[in-house]
Amino acid sequence: LSIYLIHKTMKLLPALGKKATQKVAIADHDGILTCFGMKKGEAVPVFKTLPGQKISRMDLGGAAGTPQEKIFVCSGSQVRGFTKKGKQFLTFEANLTESINAMHVAGADLFVCASYIYNHYCDCKDQDYYLSGDKINDITCLSSENLTRIVPVLACQDRVLRVLQGSELAYDIEVPGPPSVLELYNKEEGDEVLYGTTDGKIGLVQIGKRSAATKWEVDNDKKKGGILCIDTYDIIGDGVNDILVGRDDGTVEVFGFESTNEPTLRFEHVLSESVTSIQGGCVGKESYDEILTATYTGWVTGLTTEPQKAEAGPGDEVRMSKETQSKVEALRAELEQLQVKVLQGREQYQQTSQSSTAVSAVPFFSINDKFTLCQDDASYSLTLEVQTAIDNLLLQSDVPIDLLDVDKNSAVVSFSECDSEPNGNFLLATYRCQANTTRLELKVRSIEGQFGTLQAYITPRLQPKTCQVRKYQIKPLSLHQRTHSIDQERPMNRLSLVGQFSFAEIHSWVVFCLPEVPEKTPAGENIAFYFHNTFLGTQLEATYCKGEGHFRSDNISTISILSDVLSKEATKRKINLNISYDIDDESVSHTLKMIHPKLEYQLLLARKVQLIDALKELQVHEGNADFLIPEYRNILDESANLLEEYKKQPAHLERLYGMITDLFIDKFKFKGQNVKTKVSSLLEILDNYDLNSLLDFFNEA
């Protein structure tokens, strides 16, 4: 397939016999539904539909108790049904204002979701409706003996799984990240649901009538990509369903269950593109199970359990089987055909480009991009994936940001000087990609209080040269992340606003200031959001309604940034605000104590790195390092790791110094004093850092 795919658009049709191979149904961005089988390593088409509007989801269905072999696809707000032979038997218009982005079929029941809206139809007649508080990413439905009726479960962007009963919310389940995909652990029936999150975590929850229990969670310790697809299938053959996982960095994983009920990683394979669909089954050869994956640009790959190794002793000649030989020959022939096609295409383009009547058209290319805040290192990860090779990428920012090193990134980066004062241009960086790079991952870290736009200009290796621009907002409190609750015991500062503003207006200001807030104004008359700062660990509570808003934080600088930005936004709209503050002096020393371990660690790291060159010189001079004290010997042994870590965290120390300086200025700003003249004394104390003398300076100033 040469087109690109959205996640959850590939399914395996049920096998006819016990050992028979299965057919593959796959749908793409061009609106084409293709069904094919494999015979002797060759794809044999069963049917293919005509192009149309892009297909966003696929599911299999059928009458209860019969093989689920009818194929349902949705494009726009329309759902269509096809038989396994390709005959269309259903066209259903859901009449939604937005496109369907999640769907589940169970017997005569059809469940669809579009952004914030959930709809349930039975025999194409309206049954239930629900409006979610945040975007719906996926849906699945449970039916088991314990549950009297079908129970829909929605995966919502605000880190919550919502369990519905009819048109009402039965209860919700908090999960550790924004859930992107749901899958039933037991496909026949059961009350256990697997979820995967955009930050790469997996978990299993057991759904009851009135509450749910989390069975286990697997963290993303190795910082792999976000989860795009999950399937369950006994690929290892131990009688227990294994969990097959596809991630957006191309990683395919198999988790098995040993004696414990916790999953363990049994197998891992890395593809070069994001894995949009994954299925377990038998496709290529009878009796051998496979993991089938589909990637973003349309590659379908099978990982088989069939032994692929031939063993030989010393002096033995390894002979290729006839089957393998014919496979290799077929691949060579296919490559030659493709090369001829490319040459013909190039010649044709050259001829038309010199013609006086030909019109040059800009080739359209699709970009799959993701800009997310990583909790572990308080940085933003920007992932760009293009269906053809990327030639270069230009990054431009009108706010100060740091570019961090990424291990997976092999592109060569060069920085251009930019005039930050008149044009507000703080960053110009160009990434030149190596051949056949279709996916690029970058990391940037922003400074809270400085807000603006990061722009990425993506140029692929296409003729004629063309470029697309993507824009990403850096928000005033960009390092804050949504959380389910906060610690009420901490000393908190309070900012209160009262004025003639509507609920929608104050909500739009909060969306402007903070990430992960749904753009749609919440239902109801008031709302509360909780956040934590991923860099410092401080927290923020925002509660507001029509005419008033209250913001509480243990970091005085957060309150100061909010106060400045919200009053500017209100002034723009000519709204008069009555602003009041309630400052707790204890909070300043509390924040300094939270910064202390980070600052101490960075100062120690900087000192060690400064010593490395001198210690290496001594080692060369003396011939060995035995005469050094153990501490210095340890620095020499660890020098590579220390330099690597120091390189990965540029300007980390300056950041912490900046935060402490802001805290100092903000503390006295709320008392009506300007202490900018004392900043030089503060920096002297930081250079000879000691927590107690810093606390004394803050109290005495």
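Trainee: Which element gives the largest share of the lining of the largest cavity?
Mentor: This is a predicted model in which local features need pLDDT of at least 70 and side-chain atom pairs count only at 80 or more, while totals for chains, interfaces and linings use all residues. Residues are numbered from 1 along each chain as its sequence is written, and side-chain values use heavy atoms, leaving out hydrogens and water. A cavity is a set of 1 Å grid points where a 1.4 Å probe fits but cannot get out, and lining residues have an atom within 4 Å of a point. The largest share of this lining, four residues, comes from β25.

Trainee: Which elements give two or more residues to the lining of the largest cavity?
Mentor: The lining includes Met10, Lys11, Cys229, Ile230, Thr276 and Ser277. The elements, here strands (DSSP E runs of at least two residues), are β1 (10-12), β21 (227-233) and β25 (275-281).

Trainee: How much space lies in the largest cavity?
Mentor: The count is one cavity of 30 Å³ or more. Its volume, the space filled by probe spheres set on the points, is about 70 Å³.

Conventions: 1 Å grid on protein atoms, 1.4 Å probe; cavity = no way out; pocket = protein on both sides within 12 Å on 5 of 7 lines; lining within 4 Å.
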